[in-house]
Amino acid sequence: MVEILFAPWRLEYVSAADTRDRSECVFCSAFESKDDRATLTLRRDPASFALLNLYPYTTGHAMVAPVQHCSDLADVDVETLCEMMSTVKDLMAAMRELYRPHGFNVGFNVGEAAGAGIEEHLHLHVVPRWHADNNMMTVIGGSRVIPEDLGRTFERMVGALKSIKGKS
Ligand SMILES: [Zn+2]
């Protein structure tokens, strides 16, 4: 069944991202929060963490960010990038198991000109893709239609990540 996601509180989340104050950075706030479910935080590692995107492009759309608050790839050390890429592999394995995507988009948007929605804290997108996914997502009244709600995706991804950690 298709479920329509309509969540006006998300507008506050986005406007909170407009500030450059670290204390209100959505990524730093998510990492510092102890409530993984509320922040959709999938995994915490020493130098990075993974969370679901509140505005998923497709079901499962996740992000990996360094714990360090920085906006440029040049500011992140190679060890942290390796840890992030290891998480990307695990996220892809979890998505493959749960959603059987046909492909993935994996990448950084660095800077607003490149499409970064939250440019002050670098993050890597992992987006599962299907051949017909553009047809699956219709815009109705300005809201995307996503085949699965975020709470359900969170539960499933956390479970799958636990089972694949270290195997990929
Ligand atoms: Zn931050």
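**Before starting.** I am working with a predicted model, where local features need pLDDT of at least 70, side-chain atom pairs count only at pLDDT 80 or more, and totals for chains, interfaces and linings use all residues. Residues are numbered from 1 along each chain as its sequence is written, and side-chain values use heavy atoms, with hydrogens and water left out.

**Entry: the metal.** Which atoms hold the zinc ion? I found C25 (SG), C28 (SG), H69 (ND1) and H121 (ND1), at 2.0 to 2.3 Å. To be a donor, an N, O or S atom must be within 2.8 Å of the metal (3.2 Å for Na, K and Ca), and as water is not among the atoms, sites may look incomplete. Along the sequence I read the donor spacing as C-x2-C-x40-H-x51-H. The angles among the 4 donor atoms run from 102 to 117°, and the site is tetrahedral (for four donors, all angles between 85 and 135 degrees). For reference, the ideal angle for four tetrahedral donors is 109.5 degrees.

**Entry: the cysteines.** Are they buried or exposed? C25 counts as buried because its relative accessibility is 0%, and C28 does so at 2%. Buried here means under 20% relative accessible area, with a 1.4 Å probe and protein chains only.

**Entry: strand β4.** I looked at residues 62-66 next, and 5 of the 5 residues in β4 are buried. Strands are DSSP runs (E, at least two residues), numbered from the N terminus. In a regular strand the side chains alternate between the two faces of the sheet. In β4, A62, V64 and P66 are on one side and M63 and A65 on the other, and both faces are covered.

**Entry: its partners.** Strands pair if DSSP finds at least two bridges between them. β3 (residues 48-52) runs antiparallel to β4 over 5 bridges, with S48 bridged to P66. β6 (residues 124-129) is also antiparallel to β4, over 3 bridges, and there M63 stands opposite H125.

**Entry: cavities.** I counted 2 cavities of 30 Å³ or more. A cavity is a set of points on a 1 Å grid, over the protein atoms alone, where a 1.4 Å probe fits but cannot get out; lining residues have an atom within 4 Å of a point. The largest has a volume of about 40 Å³ and 11 lining residues, with P56, T59, G60, L150 and T153 nearest its centre.

How values were computed: Tetrahedral: all angles 85-135°; square planar, octahedral: opposite > 155°, others 65-115°. Buried < 20%, exposed > 50% of the residue type's maximum accessible area, 1.4 Å probe, protein only. 1 Å grid on protein atoms, 1.4 Å probe; cavity = no way out; pocket = protein on both sides within 12 Å on 5 of 7 lines; lining within 4 Å. Points joined across faces, edges and corners; volume = space filled by probe spheres on them. Helix = DSSP H or I, 4+ residues; strand = E, 2+ residues; numbered from the N terminus.
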